[in-house]
Amino acid sequence: GLALTPTLVVKDGSTTLTLTTDYTVNYSNNTNVGTATATITGAGNYTGIKAQNFTIVAKAANTLSIDAIASQTYTGSALTPTVVVKDGSTTLTLGTDYTVGYTNNTNVGTATVTITGAGNYTGTKAQTFTIVAKAASTLSIDAIANQTYTGAALTPTVVVKDGSTTLTLGTDYTVAYTSNTNVGTATVTITGTGNYTGTKTQTFSIVAKAASTLT
């Protein structure tokens, strides 16, 4: 990231000359990856100029650091948190110094972000981050129609949604019912699984059976 000024060895035949006494040096294009030039200008017993090229090669990306990435909450979509990449204390620029790719970054678990060096950097380096389950309390449960007493426990189907997405029983949540046999208010409790955690409840009414149906 700085101008590079490698030491030169300048000779007149087998005699090694002395900087400032016999020549001075100027460098050009000597910061970024590519071909740099060192130009000597004769001094004292020497006159005129002579140039020598040298190559600046890309720095390995595995020498860089990637700041820790905070845990992300499951959303149902691929998560792409911003990464902060540094070369020492210098923060690098996405698109100029590196590109980013993500893997396993949708569901709960450990996701990986991989940077690939560009420009003055080459190779790759990875950092992981955690995707944590979404709270079931943020979900919605559709209203449950009144149920008529039958003498048996009533287990009406529940429709659970995360925004506009209908979730799947057994994959995203489990269901338990309480006070669901006799007339009154019954409760259904969903417990998040997989990408969801915690619980949420919904009530429904059990209404009396009409006497006209009896014999």
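Student: Why is Thr20 called exposed?

Tutor: Good place to start! Buried means under 20% relative accessible area, exposed over 50%, and partly exposed in between, with a 1.4 Å probe and protein chains only. Thr20 has 58% relative accessibility, so Thr20 counts as exposed. Bear in mind that this is a predicted model, where local features need pLDDT of at least 70, side-chain atom pairs count only at pLDDT 80 or more, and totals for chains, interfaces and linings use all residues. Residues are numbered from 1 along each chain as its sequence is written, and side-chain values use heavy atoms, without hydrogens and water.

Student: What makes the phi of Thr20 worth a remark?

Tutor: Most residues other than glycine have a negative phi. Thr20 is not a glycine, yet its phi is positive, about 75°. Thr20 lies in the loop between strand S2 (15-16) and strand S3 (23-28); strands are DSSP runs of E, at least two residues, numbered from the N terminus.

Student: Where is Asn104, and is Asn104 buried or exposed?

Tutor: Asn104 sits in the loop between strand S11 (98-103) and strand S12 (109-117). Its relative accessible area is 59%, so Asn104 is exposed. Asn104 also has a positive phi, about 50°, although it is not a glycine.

Student: How do you know that S4 and S5 pair?

Tutor: Two strands pair if DSSP finds at least two bridges between them. Strand S4 (residues 34-42) and strand S5 (residues 49-56) have 8 bridges in the antiparallel sense, so they meet that definition. Ala36, for instance, has Phe54 in S5 as its bridge partner.

Conventions. Helix = DSSP H or I, 4+ residues; strand = E, 2+ residues; numbered from the N terminus.
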